[in-house]
2 protein chains.
Amino acid sequence: MRLSTRGHYGLKAMFDLALYYGKTPVPLKAVAGRQKLSEHYLEQLLAMLRRAGLVKGVRGARGGYILSRQPAEITVGDVIRALEGPIAPVYCVNEEEPGDCDEADYCIIRTVWARVRDSIAEVMDSISLADMCRDASKNPDKLI
Amino acid sequence: MRLSTRGHYGLKAMFDLALYYGKTPVPLKAVAGRQKLSEHYLEQLLAMLRRAGLVKGVRGARGGYILSRQPAEITVGDVIRALEGPIAPVYCVNEEEPGDCDEADYCIIRTVWARVRDSIAEVMDSISLADMCRDASKNPDKLI
DNA sequence: TTTAATTCCTAGTATTTTTATCGGAATAAC
DNA sequence: GTTATTCCGATAAAAATACTAGGAATTAAA
């Protein structure tokens, strides 16, 4: 039950952008520097987030990235789905197009994974970037 | 957020053993045949489950595997931890020995993953093999 | 109009993890 | 002693992950 670094780094980046929401675009380099991530790698993650409609890129000097919606309108679930695909502990309980357990046997197992999936989705969908910023402002140590 | 096939196959095997609990040992070949899994691969999973103390191997002719505790005493969480390691969406919120996010920054992220972890663990720890057998007996179609 | 800062794009590659496969030794029932 | 089985260690193939590299396109500002 591991997230890949895509999800982890991607959420860091989105949180970073949320903290700067409403200001000038944030250059990739700034995010990568603060989060100590490879620029090139992070760039790919931001491309995925852009294609998913979660961020916008502003090209040219003084460009950077900005969230395409308000932080309150973007959840952890949005970010993770953009980077890791639909939430699904196993293929047969995929949120979008559940693969078919060709044999209809043993599907008690499937109900277990469905409960796990729902529980993950519920948590992720209930936390917005704005929630995270609010928590951060209560603990200044944890700010950037 | 994917489980590897180890967890998926392993839970299938444990459920299979639970359905035969109290009877003669179940040979690997029988489990593999019913679940349509590679014998050799399943053997490795059962070795992991044995080392974790969840099953016992009975060697020799008429041997096989049996659960080492009653199905009510074994949860999905036990099985998954034995096969996939401690539940942890990311290394820094590992259930057992959380890796240290050397930089103390951005750890709002960590609280998010901790909530995800707890929610997964809560579901997995609340479902026992006995619960699954009970559900199965209500839906005879889903029995072996 | 040049320069510098930046996103955007495509491709490649090294590493790690996953998913097996193989062959045989040890054990025990019949 | 034969057969059915677990147990063990090694290896290999496949897939995913995590990154690296280089350069084209775009834009602000000097």
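This is a predicted model: local features need pLDDT of at least 70, side-chain atom pairs count only at pLDDT 80 or more; totals for chains, interfaces and linings use all residues.
The size of an interface is often expressed as the accessible area lost when the parts come together. By this criterion, chain B and chain A bury about 4,200 Å² between them, with 68% of that area on carbon and sulfur atoms. The elements that each give two or more residues to the chain B side are α1 (5-19), α2 (28-35), α4 (76-84), α5 (108-126) and α6 (129-138) of chain B. The largest share of this side, 12 residues, is provided by α5(B). In composition, the residues of chain B that touch chain A divide into 26 nonpolar, 7 polar and 11 charged. In total, 44 residues of chain B are in contact with 44 residues of chain A. Between the two chains there are 0 salt bridges, whereas 5 residue pairs are in polar contact, both members being at pLDDT 80 or more.

DNA strand D is surrounded by 24 residues, the closest being T5(A), Q44(A), L28(B), E43(B) and R50(B). Of the DNA atoms within 4 Å of the protein, 63% belong to sugar or phosphate and the rest to bases. Two or more residues of the surface near DNA strand D come from each of α1 (5-19) and α3 (39-51) of chain A, and from each of α3 (39-51), β1 (55-58) and β2 (64-67) of chain B. This surface comprises 8 nonpolar, 10 polar and 6 charged residues.

Terms used: Residues are numbered from 1 along each chain as its sequence is written. Chains are lettered from A and ligands numbered from 1 in the order in which they are written. Side-chain values use heavy atoms; hydrogens and water are left out. Contact means heavy atoms within 4.5 Å. Buried area is the accessible area (1.4 Å probe) that two parts lose on being put together, summed over both. A salt bridge is a side-chain nitrogen of Lys or Arg within 4 Å of a carboxyl oxygen of Asp or Glu. A polar contact is a pair of N or O atoms within 3.5 Å; within protein, one must be able to donate a hydrogen and the other to accept it, and residues adjacent in sequence count only if both atoms are side-chain atoms. Helices (H or I, at least four residues) and strands (E, at least two) are DSSP runs, numbered from the N terminus. Ala, Val, Leu, Ile, Met, Phe, Trp, Tyr, Cys and Pro count as nonpolar, Asp, Glu, Lys and Arg as charged, and the others, Gly among them, as polar. A residue is near a molecule or strand if one of its heavy atoms lies within 4 Å of it.
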